[in-house]
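Have the model open as you read.

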Amino acid sequence: MSPSGLLPLLAEADVEALKHGRRQAAAILFADIRGFTALSGSLDPEAIAEFLGSFRCRAIRAIEGHGGIVDKFVGDDVMGVFGVPIATPGDAENALAAGRALQAEIAAWNEKRLFARRRPVSIGIGIHYGQVFAGVIEAGKRLEFTAIGDAVNTAHRIEELTKTAGWPLLVSLELLEATKTPCPSRDCHPLPAQTVRGRKEALQLFAPVWAINPPKPAYG
């Protein structure tokens, strides 16, 4: 990863120390386009590349616009990290704001798509807060910053649960506690505790009531 927002952050941090890596708290956001597999089988390569490029530009704006870093894109998945390499008290709040901003980006995109007689796009977003291992990896002349660990895996699992939970954006109790949001509250709808693979403890998840209702899945 070498996002536009990374170099200024590294200039303030001890790059040599980061090469050894460190454990720290961070907020992790995952987002995924619903029905992308069906889409990729029905469009030519040029159209797929254009579609993914449009999504990625919107994801970058939402994540970097709220102080995060795009750690990676994998197909139609995006992973954003908030709080690395320099943690701040507002990281969890920024991640939540980025999730809301990404929903707004997709809603605006859908208005253009509907005007052009194209199907709307649906996404799922999962956000979690916890411990990660963060560090810089050298690959020749390239510096790559990444975050890994249980918190990353958990955020990904939360995003996957949006496919069946009926809500387009889900957050963990840990994320809300880090934002100082009272739990439960009228702003967050609690879901039954969820068991996910890779975790012994069940997850307590919440759906922010301001989450934009998703349109019908675009494909599939």
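In β3, D77, M79 and V81 point one way while V78, G80 and F82 point the other way, and all of them are buried. Buried here means under 20% relative accessible area, exposed means over 50%, and partly exposed is in between (1.4 Å probe, protein chains only). The strand spans residues 77-82, and six of its six residues are buried, so it counts as mostly covered. Strands are DSSP runs (E, at least two residues), helices are runs of H or I with at least four, and both are numbered from the N terminus.

Bear in mind that this is a predicted model: local features need pLDDT of at least 70, side-chain atom pairs count only at pLDDT 80 or more, and totals for chains, interfaces and linings use all residues. Residues are numbered from 1 along each chain as its sequence is written, and side-chain values use heavy atoms, with hydrogens and water left out.

Two strands pair if DSSP finds at least two bridges between them.

| Strand | Residues | Pairing with β3 | Bridges |
|---|---|---|---|
| β1 | residues 22-33 | antiparallel | six bridges |
| β2 | residues 69-74 | antiparallel | five bridges |

β2 and β3 make a hairpin with two residues between them, and G75 in the turn has a positive phi of about 60°.

What about disulfides? There are zero in the structure, where a disulfide is a pair of cysteine sulfur atoms within 2.5 Å. C57 is partly exposed at 45% relative accessible area, whereas C188 is buried at 7%.
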